[in-house]
Amino acid sequence: MKLVNLAVAAALVAALGPLPAGAAGVERLYVLDCGHISAKDQSRWSPGVNVGVPIELSDNCYLIHHAQGWLLWDTGLPDALAARPDGVDAVNGVLHMTRPKTLAGELQALGVKPSDVKAVAISHTHPDHIGNVEAFPQAMLYVQKAEYEWPSENGTPRFNPDHPVTKLEGDYDVFGDGSVMIISTPGHTPGHQSLLVRLPKTGAVLLSGDAVHFRDNWDNRRVPGFNVSKEQTLASMQHIADILAKEHAQLWINHDKPQSDAQKKSPEFYE
Ligand SMILES: [Zn+2]
């Protein structure tokens, strides 16, 4: 049995980098409410399926405490949206977005100052994920080079060029102990990435980003029509499925509202 475990561990080290020795440095994971999105037609994400059926989506941020400091994964819709209680329409009224709480307020409630956040990693550059990156001007930004350099529609840079950044080309071990791994999962956008967090009590959790938007699409491997590459998206979903199997990990799908509603929300946390 031990030999089998050792073999599995060796395979994991080969695939994902070093495993944590003993207790991992990662201590807590908070799920933060970073906005709500309602859509009139869910087939935007599931071409030809559930046409004209509305859907409610969660939009979460995840705050991780590691012995080396705080890491924020995704930043949600802009905090300024909270000043508009009725929300705003987007994509010509296809989407409606609200933000009942601000990220700043949620951090404050935890006693975390923006300057305490040492690192911000984002899954990709859609507006519901990068709305508050500049609230952490000193934090190291971890983003794939392919995403950072992806030309925007109006030609402006996707990030403030003065923001400290580490441009990644593939997977990355954020704290060097295997406890928090950025996993390259392109397809939704050119440099999309997901996050594997190996929590000491909860076990491994894979934060999807938008590699998939909700459970039914995961179960049926459906790819939104607006993704930049269907082939890459399907390959990334398979890559995620392989990691889930190896790690016995849970898949936490950022925009899946039923799953999100069932999770503990900050100030509660996962260990
Ligand atoms: Zn997206």
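Me: In what sense do β10 and β11 pair, and over how many bridges?
Reply: The model is predicted: local features need pLDDT of at least 70, side-chain atom pairs count only at pLDDT 80 or more, and totals for chains, interfaces and linings use all residues. Strands (E, at least two residues) and helices (H or I, at least four) are DSSP runs, numbered from the N terminus. Two strands pair if DSSP finds at least two bridges between them. For β10 and β11 the sense is antiparallel, and the count is 5 bridges.

Me: Which strands are the edges of the open sheet?
Reply: The sheet has 5 strands, with mixed pairing, in the order β9-β10-β11-β12-β13. An edge strand pairs on one side only. That leaves β9 (172–173) and β13 (250–252).

Me: Is Gln 193 buried or exposed?
Reply: Gln 193 lies in strand β11. Buried means under 20% relative accessible area, exposed over 50%, partly exposed in between (1.4 Å probe, protein chains only). Gln 193 has 0% relative accessibility, so it counts as buried.

Me: Which side chain makes a polar contact with that of Gln 193?
Reply: A polar contact is a pair of N or O atoms within 3.5 Å; within protein, one must be able to donate a hydrogen and the other to accept it, and residues adjacent in sequence count only if both atoms are side-chain atoms. A backbone oxygen, that of Tyr 142, lies 3.1 Å from a polar side-chain atom of Gln 193. The side-chain partner, at 2.9 Å, is Gln 144.

Me: What is the arrangement of the 4 donor atoms around the zinc ion?
Reply: Donors are N, O and S atoms within 2.8 Å of the metal (3.2 Å for Na, K and Ca); water is not among the atoms, so sites may look incomplete. The protein donors are His 124 (NE2), His 126 (ND1), His 188 (NE2) and Asp 210 (OD), at 2.1 to 2.3 Å. Four donors count as tetrahedral if all angles lie between 85 and 135 degrees; four count as square planar and six as octahedral if opposite donors are over 155 degrees apart and all others between 65 and 115; anything else is irregular. The angles here run from 87 to 174°, so the arrangement is irregular.

Me: What spacing do the donor residues of the zinc ion have in sequence?
Reply: His 126 is buried, and His 188 is buried too. The donor spacing is H-x1-H-x61-H-x21-D.

Note on methods:
Residues numbered from 1 in each chain as written. Heavy atoms only, no water.
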